[in-house]
Amino acid sequence: MSSVGLFAYGSAGGRKGVDLGEVPFVMVDVETTGLSSTSDRIVEIALVRVEGGRVVDEWATLVDPGRDPGPTFIHHITADMLSGAPTFADVAGEILSRLDGAVAVAHNARFEEGFIAQEFARAGISTAPLPAVCALRLARQILAAPNFQLASCCTVYGIELHDAHTALGDTRATAQLLTRLLAQAPALRFPSAPIPLPRYPRHAQPRTRVTGLRKGADGWMQSLLGKLPYSTGDADPASTDAYLAAVGSALSDGKLTGVEAKALARLAGQSGIGAQQVRVLHHRYLDGLRDAALADDILTSTEYRQLVAAARLLGEPDYFADLTAPEVETTDRTRAAPQKGQRVWCSPSVSADVRDRLTQAGFVLALNLTRNVVTAVVAAIDQDSTKVARARELAIPIRSDSILDDMLGTAATPSAPQQPGHATAVGLERTGFRTEPTPAAAAPVPAQRVPQVIAGWYLDPSGRWTYRFWDGQGWTEKVSAGDGRTWSDSTGLPLWCAPTADGLVDGHQPHTLVDRIMTMQKNDVHAALLLTVRCIDAVENDARVNGYGVAPWFYERAAIMFARLGDSAAEVAALERFARQRHAPGAKRPQLLDRLRRLRQATPARSSDQPSTRAIMSTGP
C-alpha cells in the first residue's frame, strides 16, 4: 500500500463531498525511528477519540520496531523501554477498531498516513480510504501565525502542550486544537462516508509509558494518572495483582516517595494499564484497607488517620468521606463486645424513633457502611448524600425509612434468631435467579455463614466470590467481587462446592485424585469436571489458610474438559481463575497465561456485567 490513499482528506468550505455531521474524530500521532515511512518504523502510537467536542477515550502503546529506536533525544524512547512491547502487527486490530466509523485527525497528517499505511502493508492489511482531517492544513486556512507547527498553533489558542513529542501528549493537544479550529472553520466535507474497517484479532496488551513525572501541588499520583491514557481495555489479572502488591509495599510506611511513584509508573506502563484501570485498582486497595479496619466494626482514630492518609497519597482525598471519624482519640479495640444480629445502617436524617424500633427488633445499628451491612435505611433528604452513594457502590440494598413495617414485623431478636427460609423480607431486592443445588458430595456450608431473616449481601459461602445475595429463602446466583459490580454466577453444571476447612476432598488430598479424574473423564466428563473444581476449591482454600502456592494441573484439566464440552468462555474462565492465584514454584505459569491470552482473543467479548458464562470458575480480585 502506498503512502497516498489511506486517508481521504476532507476540506473546509467546499461544496462537493459528504457532510458527516456528528461522526466522531480520532486523533492519531506516531513517534518514529526516523522521517522515512519506507525505511523507518513506528515506535509509539496514540489515539484519542473526540465526540461532540469532548475527549471520551484514549489509547496508547509503545511499539517494537524490530530495530533501534532512532532519535531518543527527541522522543525519549530507549531500547530498554521497547523490550517486550508489542509489534505493530500485534496491535493493528486494536488500531483498526478504534478508527472504525470515525474521522482520523493528525497534525501534518501526511506524516502519520505514510507510516501507518506502510505498517498496515507489512502486516498484510488492506482497508478502504479513511475520512481524515489534517489539522495543519486547516490551521493554515484559519490562523495567522509565524508557523503552523503544533506548538505554535497551540500557543495562538493558549493551549498548554504537555509532554511534547510523546504520542499521547501530541494527540491530546491536537484534540484541543481541532475543537478550536472547527469552531471557526466552515463545515467540513469529505470524499466519502466511513466504510466499515476489517476486523483483526488483538494479539497483545499495549505498553504505555510515563514521562516527566512530577509531584507538584497535587501529588505524585495525580501526575501519574494524568500521563497515562484514560483507558487501554482489559488488564491482565496477574499484572494488576503485581501492581496492587507494589502499591501496598510503597504505602506501608505511610509515605509515597518520588522513587516509589516512578516505580509504580513503570509497572503500570509495563502492564499496559490506563488511568481508569489504575483508579479502579487504587479503589480496590483502599476498600481492602477499609474492610480490614472495620472488620470488627470498631474504627479507632489511628486507623481513621491511616485510611485518610492512604487515600490522600493515592490522589483520592475524599474516598473515606463517608466514614464517621471517632469522637475521641483512641487506639483501643476492646471498648465493647461486638453486638450480635443483622447490621443495619441509617442515614443521618433517619429519626430516633425509627432507630429505636430497629434496635428493638433485634437489628444492630452500624456506625459506618461496611460490607456486612445488610441494608441501608435512608431518609428522603439524604438520598443524594456521599454516604448513600457509597452504599450503592457496595451494592447494599437501600430502603426508605417510611416503609419498614414489613421488615420490622418479621425481624428476629438476637436471642431467638429465625432460620433462613422461615421468613422473607418483602420490598428488598429480589434477583429472580434459581437457587443453586448443592450436590451430596459437596462439603456443607458453614453454619456461621448462613444469613438470618432478611435478604441482602453476605460473604459467599462457596468462597469463589466475595459476596453472594441471599433472597430471604435461599442463596441466589447474584454475586459480587466486592468492587461495586454484580453479575449472575450461572452454570449448567452442579459446581456449587463449599471450600473445605481441612483442604481435603472426600477425605483425600487433591493431588491423590489426579488418576481418578483422568479415568473418570473418559466415561463421565461432567462428573470429572465436578471433582476437578472441588479440588480447585480445596487447594485454593488450603493455600489461603497455610500460604502454600497453587500448582496449575487442576486448572489446566478443567480448561481442557470445558474445551471438550465446547464452552470456550468457561475454558477462558478456568485459566483466568488460575491467573489470579499465587503459584507454586515450578508451575508452568507463562505457558498457561499465554494460552489464556490466545483464548481471550479468540473468544467473543463479554459484557461488563457478565464476565463469563461460567463465572463460577472465577474468583474475586
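**View 1. An open sheet of six strands in a predicted model**. The strand order is S1-S7-S6-S3-S4-S5, with mixed pairing; strands are DSSP runs of E with at least two residues, numbered from the N terminus, and two strands pair if DSSP finds at least two bridges between them. Strand S1 (7-9) and strand S5 (54-62) are the edge strands, each pairing on one side only. From one strand to the next the twist averages 30°; axes are lines fitted to C-alpha atoms, for helices over the stretch in contact, and angles run from 0 to 180 degrees between N-to-C directions. Residues are numbered from 1 along each chain as its sequence is written.

**View 2. The pairing of S4 with S5**. Strand S4 (residues 42-51) runs antiparallel to S5, and the two pair over eight bridges. Ala46 stands opposite Ala60 in S5.

**View 3. Helix H7 across the sheet strands**. Helix H7 (residues 167-184; helices are DSSP runs of H or I with at least four residues) lies across strand S3 (25-32), S4, S5, strand S6 (103-106) and strand S7 (130-134). Helix H7 runs at about 145° to S3.

**View 4. The buried residues of helix H20**. These are Leu592, Leu593, Arg595, Leu596 and Leu599, where buried means under 20% relative accessible area, exposed over 50% and partly exposed in between (1.4 Å probe, protein chains only). Seen down the axis of H20, they fall within an arc of 155°, so they line one face of the helix; the arc is that of the directions from the helix axis to the C-beta atoms. The buried residues pack against helix H9 (237-250), helix H18 (553-564) and helix H19 (568-579), with contact meaning heavy atoms within 4.5 Å.

Conventions:
Predicted model: local features only at pLDDT ≥ 70, side-chain atom pairs only at ≥ 80, totals over all residues. Heavy atoms only, no water.
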